[in-house]
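Hi everyone, thanks for coming. Let me put a structure on the screen, and then we'll walk through a few parts of it together.

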Amino acid sequence: MERVLLSNHWKKVRLTSIGIGLLLFLFTTTICSLFLIASYLPKPSLFMETNSTYYDRNGRFLDTTKIGQNRKIVSLRDLPPYAINIILLSEDRNFYKHHGFDFKRIGAALWTDFSHLKLQQGASTITQQLAKNLYLSPEKTWKRKITEAFLTMRLEQHYSKNTLLSAYLNTIYFGHGVYGIDAASQFYFNKRANQLTLGETSFILSIPANPSLYDPYQSFKLVKKRQEQLLASLVKYHVISSQQASQASFKKIILKQNNNQKLNFASYFLQEANKEASQRFTPSWRVKGISLYTTIDTNIQNIVEKTVKSELAPYPSLQSGVIVMDSKTGEIVGMAGNRTEGGSYFNYATDAKRQPGSAIKPFLYYAALENGYTPSTRLKSEPTTFYFQDGSSYHPKNNGNNYANAQITMAQAIAVSDNIYAVKTQQAIGAKAFTNALKTFQLPFPNKIVPSLALGTNSVNLIELTRAYAMIANGGKSVNIQYIKRAVQNNGSLLSDTKINNKQVLSKENVMILKELLHGMFNPAFSQYTSVTGTSIIPLLTKTYYGKSGTTNTDSWMIGFHSKIVVGVWVGNEHNKQLTTSEQKIAKQIWAKTIQQIEDSSDLTAKSENVEKIAIDVKTGLLFQKGCSEKVYLYFRKGTAPSSVCTKKLKLEKPKKAWYEAYLLH
């Protein structure tokens with residue numbers, strides 16, 4: 001019996017060995033065949049010099065990329081000191097030893113990928129990165145990896161290592177539309193690459209690892225931290241001394257202020273468009289030259305620029321961001337990222353995370369509608385302290401300490417922005433229902449679940465918040481932000497065309513109801529115990545608008561729409577300085593004066609037979625009849641509208657005097 005078992009064991013070992021041998025033979029044969037084919041194919045081109053051009057949505061010229069005008073091809077001997085060492089140590093230590101692939105790194109990366117069942121671990125050599133940069137998209141798929149491998153073989157077959165390294169350093173992306181180390185040296189330091197110091201070299205070579213993250217103008221400290229890591233690596237491998245590293249690290253970095261470029265407010269939009277181009281199109285296409293037709297509408301952009309300039313003129317310390325978005329397509333048709341025309345690279349419309357205040361409330365009330373609330377649901381507005389099981393308490397206040405000291409409806413609560421109603425609603429439906437709604441509206445998940453979430457204490461940026469309102473404007477469909485409509489090759493053929501793929505993600509019925517509630521801030525009928533929040537701009541508006549404002553001590557917001565075009569505005573100070581009362585009103589002024597000038601006749605209102613429009617009494621939330629307080633029309637799901645009628649106000653009439661009483665003596 002033991003011999004039989006041993007015999008079976010060795011039989012399995014032999015079969016396994018044969019199988020492994022066959023696999024190794026097939027793998028080796030395939031690799032050799034691919035290398036042989038690669039050697040016979042034409043030499044792939046490394047450099048192409050044409051610029052890419054940006055146009056607005058109507059074909060008007062906007063700008064050209066900086067690839068051609070700033071780009072200089074430099075040889076290895078013209079590189080700054082230690083540049084090659086930094087690149088090799090950070091990207092590919094065995095570059096001069098392998099033939100395009102570092103199999104030890106690939107094995108480790110494959111193990112990680114298979115462990116997680118997806119491509120997430122990078123092991124690309126410099127030649128592989130060059131192949132991807134020149135010819136492929138940045139997506140991580142097996143098909144792209146296989147194509148990249150074959151192109152890597154071709155490059156290794158036809159070019160020397162020094163040529164490949166030079167090509168890599170001349171094509172890597174340094175942010176702000178700049179490619180290549182020499183162009184980056186001129187862009188950031190106004191000097192040629194061979195003039196850079198060790199500190200400047202290590203600083204600038206920190207950027208390509210992630211140009212969006214390591215942007216010197218926005219994240220200087222992050223770039224410095226990466227620079228220190230690169231210098232430490234040079235010390236570890238005895239390229240420089242620790243003293244040299246310390247001197248390079250402490251040497252002050254002085255960035256060039258790129259004010260001499262032909263920039264205006266639209267440059268903030270172009271920065272975002274360039275980011276999208278970097279993600280959608282391979283560097284080879286961007287270097288070859290393509291025509292990029294963006295989503296920006298020059299007429300709307302001019303309106304935004306003039307309004308921001310005019311409204312901020314009396315307030316030199318204020319900053320502002322503006323987003324104008326087509327809610328149907330997600331296209332950004334206008335943007336102001338900063339009050340300065342190209343003087344700063346920080347885009348307040350896309351990059352500033354601030355507390356939205358009451359501008360977050362529509363998403364709380366959407367969650368409430370999903371959980372049984374109606375526009376007539378009443379809660380008491382009065383000074384309230386909330387006590388919790390952990391012993392903590394929370395005492396929110398209404399603006400100006402104005403309370404109804406009575407029951408108010410959800411419709412009135414959103415119109416006057418009652419904070420007590422909002423916090424009570426979050427406590428009633430549960431924080432999970434609210435955070436689920438935030439997720440559905442593609443808003444950031446809060447770091448901490450607290451009662452004040454209902455009042456907008458979780459930070460967001462303007463473009464995220466505007467997109468969320470766009471989902472209300474378009475009837476509850478998802479919104480994908482777009483900066484580029486289409487890309488055309490220089491020969492006139494279409495390279496890429498944006499496809500709209502909006503899915504219905506919100507309840508049509510509840511979106512209809514919520515949209516009508518957002519008109520409340522412009523309806524004086526709700527001004528009972530305090531004024532509706534849109535009172536100051538009602539005289540400026542001539543159409544029916546829907547929106548919500550938000551105000552904190554340091555930030556002022558206004559987002560809203562008439563039909564499909566959504567305008568979002570943020571106003572605040574650069575260093576979170578407290579806003580004055582007059583400064584808190586600027587966001588609404590910019591919003592009103594911008595949206596009033598935009599032509600927008602499209603109607604994307606969600607339609608549903610399960611919703612009905614009913615006349616409601618403002619004060620009681622009951623069915624309106626003549627003699628009650630004020631009448632407003634609100635939407636309700638069929639079967640959820642109030643069934644009772646409001647009680648008429650009783651007028652006590654004085655008894656009429658007889659005609660002769662005037663003649664009586666008193």
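Let's start with a pair of strands: β12 and β13, the latter covering residues 555-561, run antiparallel and are joined by six bridges. Before we go on, please keep in mind that this is a predicted model. Together β12 and β13 make a hairpin, with three residues between the two strands. If you want a spot to look at within the pairing, find Gly550, which sits opposite Trp557 in β13.

Now, is β12 mostly enclosed or open to the outside? Five of its six residues are buried, so β12 is largely enclosed by the rest of the structure.

β12, residues 546-551, gives the largest share of the lining of the second largest pocket, namely four residues. This pocket has a volume of about 940 Å³. Its lining counts 34 residues, and the ones nearest the centre are Ser358, Asn399, Thr533, Thr551 and Gln584. What classes of residue make up the lining? There are 24 polar residues, along with five nonpolar and five charged ones.

Definitions and conventions: Residues are numbered from 1 along each chain as its sequence is written. This is a predicted model: local features need pLDDT of at least 70, side-chain atom pairs count only at pLDDT 80 or more; totals for chains, interfaces and linings use all residues. Side-chain values use heavy atoms; hydrogens and water are left out. On a 1 Å grid over the protein atoms alone, a cavity is a set of points where a 1.4 Å probe fits but cannot get out, and a pocket is an open set with protein on both sides within 12 Å along at least five of seven lines; lining residues have an atom within 4 Å of a point. Grid points are joined across faces, edges and corners, and a volume is the space filled by probe spheres set on the points. Ala, Val, Leu, Ile, Met, Phe, Trp, Tyr, Cys and Pro count as nonpolar, Asp, Glu, Lys and Arg as charged, and the others, Gly among them, as polar. Buried means under 20% relative accessible area, exposed over 50%, partly exposed in between (1.4 Å probe, protein chains only). Two strands pair if DSSP finds at least two bridges between them.
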